[in-house]
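Dear colleague,

Please look through it first and then read on.

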Amino acid sequence: MYLGIDLGTSGVKIVLIDDAQRVIGTGHAGLKVSTPQPGWSEQAPQDWIDATRAAIADLGEPLDRVEGIGLSGQMHGAVCLDESDRVLRPAILWNDGRASEEATELDGQQRFRDVTGNLVFAGFTAPKLVWMQRHEPQLFERLRRVLLPKDYLRLWLTGEAISDMSDASGTAWFDPAARDWSDALLSATGMERGMMPSLAEGSAVAGHLRTEIASELGLPAGIPVAGGAGDNAATAIGAGITGPGPGLVSLGTSGVIFAATDRFLPAPETAIHAFCHALPGQWHQMGVILSAAACLEWWAGIVDQPVADLLAELDPQPGQPSRIAFWPYLTGERTPLNDPAQRAGFTGMSARSTRPQMTRAVLEGVVLALAENMSALSEAGGGADSLIAMGGGARSDLWLAMLAQATGVPVLRPAGSETGAGFGAARLGLMAATGAGTDAMTRPEIAARFDPDPALLPSWSEALSRLQAQRA
């Protein structure tokens, strides 16, 4: 058996799989986010350990036959440790905006884009540490190590400070082409290599379970812990996405288009992420919209109706896009705009506009934004020939059918629900423990397929062009 630990922002999920990669148990424990000031987002690292213990207990399965562990987690967070690996302050999370000024300054130094292949976003790790130097200098003087969230769990489990290539790619200190830390970028932010964790590929052994922790959790001592992956890369591992071909679309609170590549394909001017994948010799591109299913939840709250009831009012066929347009920028936008000031809105309404028409416009706005991401990936030399759909929004046939028309590629819904980051982490644990390669990364069984209709593609392309022109 193999155990996957997925450290999310809202909770820790545990996935247990057998040798045939069948899910035989799951556990969960919730987490809360602290916002001590507007725009801040923090968690206490000890809460992650406590939630992991609780999620393993919730699993309710004997773990004495587990042979390997994999880790997945929220990216970009800064866990600041002193010389004794004691936590200096609450972890600053991926969605914390306090370092926007520092991020702009770093991004203004061309070497950051040249080396990382990415813009420096406020949520990345490096600007957080520059902020700390300026605003918490006494704490910064005591800083001896910085870890990403899932790697703090590794430190607890194994005593080792190690990260993987996919997670490290989101720090703005990492050179994805070389798959190594950049001494020049570390120095530019007052850091040095000795403050960084060691590096391992996601499918490689990156520590072994300590005896005392094994005893506490009911696991065998000394079993390997895989390098693991950032959350989106781990989800792709769970979906069997290993190289050019099928990609991943996530219709969760935010929206993600993920495409694996066999070479590093940076295009920072498009605001796509170009990171290492969790497998040796693999990279990926990722486009992100900050509000996807969140838009539908917002609209449901505005009209005070359940989402299911709103969807039931719609024609189940994708058809041609409506003349009412919706910009899905409730909290700004990342790809391809990189503009936190962008805001949502409807256009094209009249006195005859109806609630179902506006609900449909919300769905269309999200898929057009994702289609714009897909185009950005293609323009950068990547992209995907189909998309495996994940997230709560993937339950809607209409939404996936619309997405197929907007992107021009088939959209596939897996049969099982356990293809997410926790499953991907467990799969990486299996690979580290057994030495298995990509032959272990089978793709999920597909329950439904939504194909683009050639007759509809021109109208959806025109709708995207119209949205872009109106936005400009």
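Is histidine 76 buried or exposed? At 8% relative accessibility, histidine 76 counts as buried, a term that stands for under 20% relative accessible area (1.4 Å probe, protein chains only), whereas exposed means over 50% and partly exposed lies in between.

Please keep in mind that this is a predicted model, in which local features need pLDDT of at least 70 and side-chain atom pairs count only at pLDDT 80 or more, while totals for chains, interfaces and linings use all residues. Residues are numbered from 1 along each chain as its sequence is written, and side-chain values use heavy atoms, with hydrogens and water left out.

The UniProt annotation "binding site", from an unreviewed entry, covers Met75 and His76; such annotations may be inferred rather than shown by experiment. Methionine 75 lies in the loop between strand 5 (68-73) and strand 6 (79-81), strands being DSSP runs of E with at least two residues and helices runs of H or I with at least four, numbered from the N terminus. Histidine 76 is placed in the loop between strand 5 and strand 6, and methionine 75, at 7% relative accessibility, counts as buried.

Leaving aside residues up to four places away in sequence, methionine 75 touches several residues, including Trp94, Asp167 and Phe275, where contact means heavy atoms within 4.5 Å. Among those that histidine 76 touches, with that exclusion, are Trp94, Lys128, Asp167 and Phe275.

As for the whole chain, there are 16 helices and 24 strands, and 60% of the 472 residues count as buried.

Best wishes
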